[in-house]
Amino acid sequence: MLTWQLWCTLLCVLWIYFLWSRRRFYRLIFQIPGPVGYPLVGMAHKLLHKEDVLRVFNHYLDKHGPFIFSWLGPIPFIIVKDPKIIQDIFNSPHCLNKGIIYMAIDDASGQGLFSKPEPLWSVHRKLLNPAFGHKLLVSFGPIFNAESASLLKTLEPLVDCGEKNLIPLLQSFTLNIATQTTMGSEVKYSEYIRSNKLLEAYHSLLESMTDMCFSPWLLSKTIRQLLGREEQYAKIKSQISDFIRKIIESKLTKGSEAPPLPEDKNIFLNLATDLMNRGIFTTQDVQNESSTIVFGAFETTANTVAYTLILLAMFPEYQEKAFEEIRTLFPNTGDFEVTYGDTQNMTYMDLILNESMRVLTPVPIVARQTMQDVQLSNGIVLPKGVQIGIDIFHLHRDKNIWGENAETFDPEHFLPHHMQDKHPYSFIPFTKGIRNCIGWRYALLSSKITLAKLLRNYKFSTSFKFEDLDFVEDITLKLRKVPLLEVQKR
Ligand code: HEM
């Protein structure tokens, strides 16, 4: 039996060993300002609630500057909203791995492009890039147009019916588009999609994922079982993977009878199953990548369209300007075809979309980690093993970059003469650099087609005030209270 003196000695030895093993990080304390936090805990206790994350980050960034260092328990951690440092990080081949917080994403949706570590990520990204090429994207035009025409019809019964939450409707719409463009247009007939069951399953999975990010002990199956959370979580996961597996299987059987059309070969599922047939991807790879792409596409795009409508409802003067531009391009109401060329002529809509993604950036924080020592442009070397939180939300609202009205919605922020002196990494809704969003062109094209049809046919208003918006970090940006919108016919 060990006496208490022996226990104390053992603890001291462990503590000294622990401090010794972290020694390469200590110089950062003197080089980068930031909250030291409590011994052993650092600032981890401040970040246990998703409701508080943006507020805590803002508090420390305001107090210590745009680049800060702290500890998450034993883990060294920096938060950054300085565009120059962000550029260094996004372009360093040693910062390609996502932060440890993405373990929750792996667990919930399987390891796909979003969270895959190097060197596998580079291989998968190169193989999947053709599924996001320009020609293929333009070929999705008919799907984007047909689905937004259905959306117009879905909104019809809401006209003059008081204020409504349009987000669920828009999410169902973008999920329809994402599944069709990823897995082929025949999936729209699936009962699982039509009954909104897939949407409900993704919501439930996203909720579990977020809980696991902020309560990492939930990553343990045993703890989930003890807390009674495993059964539902496992059920949802298997529902989604069964759904995707069946689509892959039907593609493979059909594929043997009728090979995909040549122009279809790069559509995600054709590309991925072809890689599988050639032994480059496993079935699990195809399943994980399909799920990741649908996940990556639908919520972000739905929120972008929804938040843009909300902002335009709050600022009717900008809604009118957008409407005038669209009316010039499409003189008649009702359904009309929006081509890629038309979207290139929507210059005011570009200002609106950019400004919307600046003030309500769909992905507020992204996380990376250093895989090797990384030399930053300010001379500081980040050692291997540092977690990095890139605070896009506060970068986009930084008064030093965007001026005194940084926190309000003003599309003029994006006029060329206002943008010319800004650092290219001041605006990064899709991140930038080596591991940027693979779907950014897709997102912009589909959002512009949707907004053009909606704004030409309907006018949106709200009694909710911009100043009352309040935000929650939920992997994607969520509004604590969703502004409801009134829909009127144009
Ligand atoms: C407005 C809509 C969108 C926004 C704001 C957005 C934003 C982002 C951001 C910030 C990242 C980087 C995440 C990180 O570094 O942790 C990302 C990655 C990704 N996005 Fe998007 N996204 C959007 C739409 C889409 C669409 C439409 C797709 C697919 C069709 C997509 C697929 C992906 C994938 C697969 C990744 C992981 C890329 C990689 O690591 O190689 N996203 N997105």
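## Ligand shell, cavities and local backbone features

The shell around the ligand consists of 16 nonpolar, seven polar and four charged residues, where Ala, Val, Leu, Ile, Met, Phe, Trp, Tyr, Cys and Pro count as nonpolar, Asp, Glu, Lys and Arg as charged, and the others, Gly among them, as polar. The model is predicted, so that local features need pLDDT of at least 70 and side-chain atom pairs count only at pLDDT 80 or more, whereas totals for chains, interfaces and linings use all residues. Residues are numbered from 1 along each chain as its sequence is written, and side-chain values use heavy atoms, with hydrogens and water left out.

**The ligand site**

Among the 27 residues around the ligand, those that come nearest are Y102, W121, R125, R435 and C437; a residue belongs to this set if one of its heavy atoms lies within 4 Å of the molecule. Helix 15 gives the most to the shell, with six residues, where helices (H or I, at least four residues) and strands (E, at least two) are DSSP runs, numbered from the N terminus. The iron atom of the ligand has a single donor from the protein, the SG atom of C437, at 2.3 Å, and C437 itself is placed in the loop between helix 21 (416-419) and helix 22. Donors are N, O and S atoms within 2.8 Å of the metal (3.2 Å for Na, K and Ca), and water is not among the atoms, so sites may look incomplete.

Two or more residues of the shell around the ligand come from each of helix 6 (120-128), helix 15, strand 3 (365-369) and helix 22.

**Cavities**

A search of the whole structure finds three cavities of 30 Å³ or more. On a 1 Å grid over the protein atoms alone, a cavity is a set of points where a 1.4 Å probe fits but cannot get out, and lining residues have an atom within 4 Å of a point; grid points are joined across faces, edges and corners, and a volume is the space filled by probe spheres set on the points.

The largest cavity has a volume of about 70 Å³, and its lining includes F173, F298, V305 and Y442. Helix 9 (167-183), helix 15 (283-314) and helix 22 (440-457) each give two or more residues to this lining, which has seven nonpolar, five polar and no charged residues.

The second largest cavity holds about 50 Å³ of space, and among the residues that line it are F132, L136, R441 and Y442. Here helix 7 (134-139) and helix 22 are the elements that give two or more residues, and the lining has seven nonpolar, two polar and one charged residues.

**Backbone features**

Most residues other than glycine have a negative phi, and most peptide bonds are trans. The peptide bond from E118 to P119 is cis, with omega near 0°, and P119 is found in the loop between helix 5 (103-109) and helix 6. D160, although not a glycine, has a positive phi of about 55°, and its place is in the loop between helix 8 (141-155) and helix 9.

Technical notes:
1 Å grid on protein atoms, 1.4 Å probe; cavity = no way out; pocket = protein on both sides within 12 Å on 5 of 7 lines; lining within 4 Å.
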